[in-house]
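Please read them beside the sequence and the 3D view.

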Amino acid sequence: MQLIRTILIIILVYYGFKILSRLFAPYLMKYASKKMGEKFEQQYKAQQQQNQRNTSKYKEGETVIDKKPQSSNSNSSNKVGEYIEFEEIE
């Protein structure tokens, strides 16, 4: 008798959770999407402010060239290996 009662309780909890998740899932999804939208909006505003600060250094129409810093690894990448000449044998 206890086994049947336990099985019925487990089944009732399972179906109860299933029904409640169907009822509350749309609200949870709406809440999560709203939070993500706010987060993206904050990041976008921060990026726009940063870009505005960077562009305010230069006058309008001024040409700006950003150069990459030379790294010490550039010499080592040129020396990939030794070149060996070979001849085809017929």
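1. The protein contains two helices and zero strands, and it should be kept in mind throughout that this is a predicted model. One of the helices, helix α1, covers residues 2–55, and several of the features described below involve residues of this helix.

2. As for burial, 0% of the 90 residues of the protein count as buried, a label that requires under 20% relative accessible area. The protein exposes about 10,200 Å², and carbon and sulfur atoms supply 58% of that area.

3. Which residues form a nonpolar patch on the surface? The patch is made of L3, I4, I7, L8, I11, Y14 and Y15, which together have about 730 Å² of accessible area. I7, one of these residues, is found in helix α1, and its relative accessible area of 42% makes it partly exposed.

4. A search of the whole structure finds one aromatic pair, and it is formed by Y14 and Y15, whose rings lie 5.2 Å apart, centre to centre, with 70° between the planes. The pair is edge-to-face, because planes over 60 degrees apart are given that description. Both tyrosines are partly exposed, Y14 at 49% relative accessibility and Y15 with a relative accessible area of 45%.

5. How many salt bridges does a search of the whole structure find? The search finds one salt bridge, in which the side chains of K45 and E41 meet at 3.4 Å, taken from N to O. That distance of 3.4 Å qualifies because the limit for a salt bridge is 4 Å.

6. K45 and E41 are four residues apart in helix α1, so they are separated by about one helical turn. K45 is partly exposed, with a relative accessible area of 48%, and E41 is likewise partly exposed, with a relative accessible area of 44%.

Note on methods:
Residues are numbered from 1 along each chain as its sequence is written. This is a predicted model: local features need pLDDT of at least 70, side-chain atom pairs count only at pLDDT 80 or more; totals for chains, interfaces and linings use all residues. Side-chain values use heavy atoms; hydrogens and water are left out. Patches are made of residues with over 30% relative accessible area and no salt bridge: like charges are joined within 9 Å, nonpolar side chains (Val, Leu, Ile, Met, Phe, Trp, Tyr) within 5 Å. Accessible areas come from the Shrake-Rupley method with a 1.4 Å probe; for residues, only the protein chains shown count as cover. Buried means under 20% relative accessible area, exposed over 50%, partly exposed in between (1.4 Å probe, protein chains only). Rings of Phe, Tyr and Trp (its six-membered ring) pair if their centres lie within 6.5 Å; planes under 30 degrees apart count as stacked, over 60 as edge-to-face and the rest as tilted.
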